[in-house]
Amino acid sequence: MTYRSSYDRLVLWDIDFTLLNPGGFGRTAMLAAFEELFGFPMEADVPGHGRTDRAILTDFLEHGGIPVERVGDLRRRAAEVAEARAAEFTAGGGHLLDGAHGALAALAELPGTVQSVLTGNLRRIGGVKLSAVGLTDHLDLEVASFGDDHLVRAELVEVSRQLAAARYGAGVDAGAVVLVGDTPLDVEAAHAAGARAVGVATGAYTEADLTAAGAHAVVPDLRDATALAKAVESVTARP
């Protein structure tokens with residue numbers, strides 16, 4: 001992407017079910033890593049939508065009776081498995097959501113806007129997914145925050161803000177940060193950090209669900225890039 005000398009809006013995209021359908025790729029890698037390391041399968045129904053991989057893996061360990069201090073080992077092995085199986089992403093059903101490229105391109109045209117990623121994915125797993133669908137244009141991954149960085153999604157907002165401030169030589173207020181995501185947990189994270197939330201109903205939650213969760217704006221999907229750009233502009237408009 002083109003490096004900006006300054007910016008006044010930071011847009012942070014969720015990955016799974018916002019930009020792409022992961023086809024279960026990350027969870028499959030994490031489950032495989034768990035069984036490889038500990039010798040038995042993880043059979044507990046651990047929730048995933050909107051949570052960080054670090055939190056999910058911690059739950060795996062707790063349900064399996066494994067000390068949570070092993071989470072670092074499990075994270076590393078899960079990332080290794082995902083990278084080794086990168087070619088299986090599309091074969092397993094992983095694919096780009098309609099309109100994703102156009103949405104990123106439209107936001108790139110908004111003056112003073114930097115786009116990156118805020119995702120619960122482990123960094124290396126998220127990287128595999130984005131590369132598999134060719135979705136790195138317009139995203140400055142140097143200021144991205146991933147599930148490795150914190151257990152709690154809301155804390156990732158500050159991670160990206162600090163990275164952006166260091167990279168561009170200036171920071172932005174939390175109110176100039178926009179989280180774009182498909183779950184109430186994305187919306188909750190934005191509110192907790194003082195940021196703005198734009199919900200996209202491309203996952204398991206409806207527009208009504210995201211509105212009820214407190215999203216500042218909601219769009220049905222990414223196919224109308226103009227509507228998305230207007231939503232991002234509206235939620236960061238100064239009074």
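## Notebook: sheet, helices and ring pairs

I looked up strand β5 (residues 177-181) and strand β6 (residues 196-200) and found that they pair in the parallel sense over four bridges. Two strands count as paired if DSSP finds at least two bridges between them. Helices (H or I, at least four residues) and strands (E, at least two) are DSSP runs, numbered from the N terminus.

I note that the model is predicted, that local features need pLDDT of at least 70 and side-chain atom pairs pLDDT 80 or more, while totals for chains, interfaces and linings use all residues. Residues are numbered from 1 along each chain as its sequence is written, and side-chain values use heavy atoms, with hydrogens and water left out.

**Entry 1: the sheet**

Glycine 181 has glycine 199 in β6 as its bridge partner, and leucine 179 stands opposite alanine 197 in β6. I then turned to β1 (9-13). Four bridges join β1 to β5, and the two run parallel. Leucine 10 has valine 177 in β5 as its bridge partner.

In what order do the strands of the open sheet come? I read the order as β4-β1-β5-β6-β7, five strands with parallel pairing. The edge strands, β4 and β7 (217-219), each pair on one side only. The twist averages 20 degrees from one strand to the next. Helix α8 (residues 184-193) packs on the sheet and touches β5 and β6. Its direction makes about 170 degrees with that of β5; axes are lines fitted to C-alpha atoms, for helices over the stretch in contact, and angles run from 0 to 180 degrees between N-to-C directions.

**Entry 2: cover on the strands**

I checked burial next: buried means under 20% relative accessible area, exposed over 50%, and partly exposed in between (1.4 Å probe, protein chains only). In β5, five of its five residues are buried. Val177, Leu179 and Gly181 point one way from β5, and Val178 and Val180 point the other way. In β6, four of its five residues are buried.

With 14 residues, α1 reaches 20 Å from its first C-alpha to its last, close to the 20 Å expected. Its buried residues are Phe25, Gly26, Ala29, Met30, Ala32, Ala33, Phe34 and Phe38. Their cover includes α2, α3, α4 (88-91) and α6. Just after α1, glycine 39 takes a positive phi of about 85 degrees.

Helix α3 (residues 71-84) also has 14 residues and reaches 20 Å, close to the 20 Å expected. I list Val71, Gly72, Leu74, Ala78, Ala79, Val81 and Ala82 as buried in α3. These pack against α1 (25-38), α2 (53-64) and α6 (123-132).

In helix α5 (residues 100-108), Ala100, Ala103, Leu104, Ala106, Leu107 and Ala108 are buried. What covers them includes β1, β3 (95-96), β4 (113-117) and α10 (225-235). I also wrote down a general point: an α-helix has 3.6 residues a turn, so residues three or four places apart point the same way.

**Entry 3: rings**

How many aromatic pairs does the structure hold? I found five. Rings of Phe, Tyr and Trp (its six-membered ring) pair if their centres lie within 6.5 Å; planes under 30 degrees apart count as stacked, over 60 as edge-to-face and the rest as tilted. Tyrosine 7 and tyrosine 168 form a tilted pair, 5.1 Å centre to centre with 55 degrees between the planes. Tyrosine 7 lies in the segment before β1 and tyrosine 168 in helix α7 (residues 155-168), so this pair ties together parts that are 161 residues apart in sequence. Both tyrosines are buried.

Arginine 167 lies over the face of tyrosine 168, at 5.7 Å from the ring centre. The rule is that NZ of Lys or CZ of Arg is within 6 Å of the ring centre and within 35 degrees of the ring normal. I also saw that ring pairs link Phe34, Phe38, Phe40 and Phe60 into a cluster.

**Entry 4: valine 159**

Leaving out residues up to four places away in sequence, valine 159 touches Ser145 and Asp149; contact means heavy atoms within 4.5 Å. Valine 159 and leucine 222 are 63 residues apart in sequence and 26 Å apart in space, C-alpha to C-alpha.

Notes:
Expected span 1.5 Å × (residues − 1).
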